[in-house]
Amino acid sequence: MRGIKHWAVAIIALLAMLIGFTVQQPTPTAAASDDLAAIQKRGYLIVGLSADYAPLEFHATLNGADTIVGADISMSKQIAKDMGVKLQIKEMNFTALIGALKTGKIDLIVSGMSKTPEREKEVNFSQPYLYETQVMVIRKADKAKYKSIADFSGKRVGAQKQTTQEQLAKTQLPGAKVTSLDKANDVIAQISYNKLDAGVMASTIADSYVARTPSLMVLDPHFATDKAPTAIAVNKQSPALLAQVNKTISKVKGAKYKQYLQAAYKLQDQNQGFWAKYGNYFIRGAIYTLIFAALTVFFGTIIGTLLALMKLSRNWLAKAIANVYIEFIRGTPLLVQAFIVFFGTQILGLDLSAFIAGAIAMAINSGAYVAEIIRGGINSVPVGQTEAARSLGLHQRQAMRYVILPQAMKNIWPALGNEFVTDIKESSVLSVIGATELMFEGTVVQGASFKPFLPLVVVAIFYFIMTFTLSRLLRLIEKRFN
C-alpha cells in the first residue's frame, strides 16, 4: 500500500578518499539480503517497516515499554517462528524501505505494502495476505459536497508518498491538487485542520483513523482500480526465503490474519492518559537528540579543526582537499548525506545501525561548518601574536597550539555554541532512516494516538526547553571566558 541510486557509491568513495580512507570493493557479509540458510545460521530475521500504519504496524506501550505491535507484527513473528529464528524489527521511513531491502539492511518488508508492477521491477513479492479497498477520508461537514470522483476536481487531496494511494490520487482524480506526504498520520492531520480537503487511504487504515477522529468520515468514491493486494517484499536474490514466507502466509491469511487485526484493535483501545501512555516516548527522544548533538559537536569540532588547519596550510593538496570537502558538504542537504551514509556504507560492506549512520552523517556535516567558524576565529587573532610566539622560540605548530588556538576559541565560542543549538534541531532529519530522536518519537505518538496536533506541541516544548537551557549555559561559559 505504501520505495538509492548507484551514484551513491561514487559519492561515498569520493568522501572516503577525501578523509583519507581507502574504499574496498564490497565483500559478502552476513547481511540482511542473504538467503534462507544464511538467515537461519545467523539466528534472526530482520523485518523492515514504518510503524505509523495502525492497525497493521504501530507503537503501543506494553508493560511500561514502547513496543511495535499490529497485525503485520504478529504475522512476522509467525514467519520467524516457522523459520526457527528470532524476529528483529528495523523501523524507518516508508520511502526508505525498498532501498534498505536492496542494500541488505533488512530481509523482508512487512509494512502494508501493495504489490505493484513498478515495485516488482525492484523486489519480489510474496502471495497477497490482504486485499484492501481504496477509499477517501473527508471531513463530515463536507459530506454533501462529494457525490462522485468528479467532485474532487480543484480540491486539495493528500496521500502518502510512494504508495498505491498516491498513484490513484494522481491518475484517477482528474483536476485534483495532489499533495504527497511522508506518513499516513500527516494526511489525517492536514484534513483535520483544513489544510487538505480529502485524503486517499486504504480502507483498513482509514477506518482505524476515522473511528478515533469524530470529525472525519470515510467515503468510497468507487475507484476504477480493483482491490490492492498487500504482500511481503523480498530481495530478488532470495528465492528460498520467498518460498518460506509463502508457506507461512498460506496458513495465516484469511481467518488467522483477521484474528491478528482484532488483537491489534484491542491494543489501540488501551485506556490511559496521554502523558502516562506516551510521556516516555518524548523523554527517550529528547535524550537521544541530546546524545546526537553532543556527538556531533565533539567529532564535528575535531573534523572542523583539522579542515581549518588544512585550509590555512601552505600545502596546496591539503588546502584543495579541505576546500572540496567543505564546499561539497555545505552544498548538499543533511538529508541526502544521511541516506548516503546509511545505504552507501552497506554497499561497501559496513552494516551500520541508523543511530551510528546518523551520528556519522551529522558529524561530517557539522565539520564543514565548524571548519569555517574555526578558520574565522584563527584569522581574527592579531598577526602580532604569531610573531611574538615565534620570537619566543616556538615553531609554527607550537605557536598554533599554545598561542593562536586558545585565543581563537574565545572568539569562536558563541558561534560554536550556536552550532550546538542548531545540531539539536537538525537531528530531526535523521528520522527518515529510522534513527530515534525527538521528532521521530513525536511522529510515532501521532500515529499511535491518532492525535495529529498535540504530539507536535509537546515536541516543540521539549525542543524549546533543551535549546533555551543550553543557550543559557553557553552564555554563562562565555561570561567566564570574558
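Colleague: Is H222 buried or exposed?

Modeller: This is a predicted model, and in it H222 is exposed, because its relative accessible area is 61% and the cut-off for exposed is over 50%.

Colleague: Where does H222 lie in the chain?

Modeller: H222 sits in the loop that runs between β12 (216–219) and β13 (228–234).

Colleague: What should I look for in the backbone of a loop?

Modeller: Look at phi and at the peptide bonds. Most residues other than glycine have a negative phi, and most peptide bonds are trans. H222 is not a glycine, yet it has a positive phi of about 60°. Q162 is also not a glycine, and its phi is positive too, at about 55°.

Colleague: Where is Q162, and how exposed is it?

Modeller: Q162 is in the loop between β9 (156–160) and α6 (164–172). Its relative accessibility is 38%, so it counts as partly exposed.

Colleague: Which residues does a cis peptide bond join?

Modeller: A54 and P55 are joined by a cis peptide bond, with omega about 5°. P55 belongs to the loop between β1 (44–49) and β2 (58–62).

Colleague: How many helices and strands does the protein chain have?

Modeller: The protein chain has 18 helices and 13 strands.

Colleague: How do I read the radius of gyration of the protein chain?

Modeller: Compare it with the value for a compact globule. For 482 residues that value would be near 23 Å, and the protein chain has 26 Å, which agrees. Along its principal axes, the C-alpha trace spans about 85 × 50 × 50 Å.

Colleague: What share of the residues is buried?

Modeller: Of the 482 residues in the protein chain, 52% are buried. The accessible surface is about 22,000 Å², and carbon and sulfur atoms account for 59% of that surface.

Colleague: How many positive and negative side chains are there?

Modeller: The protein chain carries 51 positive and 33 negative side chains. The centres of these two sets lie 4 Å apart.

Colleague: Which stretches make up the domains?

Modeller: The domain assignment gives domain 1 as 35–131 + 229–271, domain 2 as 134–226 and domain 3 as 275–479.

Colleague: How far apart are the C-alpha centres of domain 1 and domain 2, and how many residues does each give to the contact?

Modeller: The C-alpha centres of domain 1 and domain 2 are 26 Å apart. Domain 1 gives 16 residues to the contact, and domain 2 gives 16 residues.

Terms used
Residues numbered from 1 in each chain as written. Predicted model: local features only at pLDDT ≥ 70, side-chain atom pairs only at ≥ 80, totals over all residues. Heavy atoms only, no water. Helix = DSSP H or I, 4+ residues; strand = E, 2+ residues; numbered from the N terminus. Rg over C-alpha atoms; globule rule 2.2 N^0.38 Å. Buried < 20%, exposed > 50% of the residue type's maximum accessible area, 1.4 Å probe, protein only. Areas by Shrake-Rupley, 256 points an atom, 1.4 Å probe, with all protein chains shown as cover. Lys, Arg positive; Asp, Glu negative; His and termini not counted. Charge placed at Lys NZ, Arg CZ, Asp CG, Glu CD. Domains from an automatic or database assignment. Contact = heavy atoms within 4.5 Å.
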